[in-house]
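Let's take a look at rings and sulfurs in this protein. Have the structure open and follow along.

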Amino acid sequence: MLMKEYRICMPLTVEEYRIGQLYMISKHSHEQSDRGEGVEVVQNEPYEDPAHGQGQYTEKRVYLNSKLPSWARAVVPKIFYVTEKAWNYYPYTITEYTCSFLPKFSIHIETKYEDNKGCNDNIFDTELKDQEREVCFIDIAYDEIPERYYKESEDLRYFKSEKTSRGILQEGWRDTQDPIMCSYKLVSVKFEVWGLQTRVEQFVHKVVRDVLLLGHRQAFAWVDEWIDMTLDDVRDYERKMHEKTNIKVCHEQQEHSTTNASSLDDIEIHDKAST
């Protein structure tokens, strides 16, 4: 198992980011869903935990075959998805990723949010703090983002919010920004297959880091779209976007299945004719 702790600062308060996070995840999922790939929401409902209190439970299927490296695509099914289960007790969340095709693979993410610049070295439980892990700061403005995800309108080196007047984020903004908050994410990746474990776990952490960087960039770049929303507003937006995204993903999945079936029929007819 490879464990890393990511710390991502934002020019927001923890209370503001509660809305921004929900808005960003819903909009981002819809934007990234295309050609039968993306995020299908299976379940999204209130959930109460004896220890953490009232929260929200979400289960999703993340279709991502084309996102895999070539060596991984060679050994997985064409219709391939990861199950995401999330328990949101904001400002504390737990997220788990599993795959039925790869039973020895899992990702566990524990997240806590605080109004500081990432200076809390003891934010996670004492039984976890002594485990060996690398602490990685992610700079939403100046860390390099994969070229395919870059948008000029989301470049925080040049973005200034009209409604909050926050930005442009200059070099060293984390030391001077007010307000400021930090997402602390303890990410554990496990792939218990001899000969592939190190390679897969390192690759998954790279993907996780890219996703965290992109998501937090977008949450601030879209701040003028969500800053006036209430929790009820963003829940309504979330529900509508989930419906649109499910239609988009499921329709493409059905077309993909139909195309595959037709192709198999054509092969069978051709084989019979040849015989």
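In this predicted model, the count of aromatic pairs comes to eight. Take one of them: Tyr 47 and Tyr 57 make a tilted pair, with 6.2 Å from centre to centre and 45° between the planes. Where do these two sit in the chain? Tyr 47 belongs to strand S2 (residues 38-49) and Tyr 57 to strand S3 (residues 53-63), so the pair ties together parts that are ten residues apart in sequence. Tyr 47 is partly exposed, with 34% relative accessibility, whereas Tyr 57 is buried at 9%.

Rings can also join up as a group: Tyr 17, Tyr 90 and Tyr 113 are linked into a cluster by ring pairs. And there's a charge over a ring too, with Lys 27 lying over the face of Trp 222, 4.2 Å from the ring centre.

Now for the sulfurs. A disulfide is a covalent bond between the sulfur atoms of two cysteines. How many disulfides does the structure hold? It holds zero. Cys 119 is in no disulfide, and the nearest cysteine sulfur, in Cys 182, is 8.3 Å away.

| Residue | Relative accessibility | Counts as |
|---|---|---|
| Tyr 47 | 34% | partly exposed |
| Tyr 57 | 9% | buried |
| Cys 119 | 51% | exposed |
| Cys 182 | 0% | buried |

Key: Residues are numbered from 1 along each chain as its sequence is written. This is a predicted model: local features need pLDDT of at least 70, side-chain atom pairs count only at pLDDT 80 or more; totals for chains, interfaces and linings use all residues. Side-chain values use heavy atoms; hydrogens and water are left out. Rings of Phe, Tyr and Trp (its six-membered ring) pair if their centres lie within 6.5 Å; planes under 30 degrees apart count as stacked, over 60 as edge-to-face and the rest as tilted. Helices (H or I, at least four residues) and strands (E, at least two) are DSSP runs, numbered from the N terminus. Buried means under 20% relative accessible area, exposed over 50%, partly exposed in between (1.4 Å probe, protein chains only). A charge sits over a ring if NZ of Lys or CZ of Arg is within 6 Å of the ring centre and within 35 degrees of the ring normal. A disulfide is a pair of cysteine sulfur atoms within 2.5 Å.
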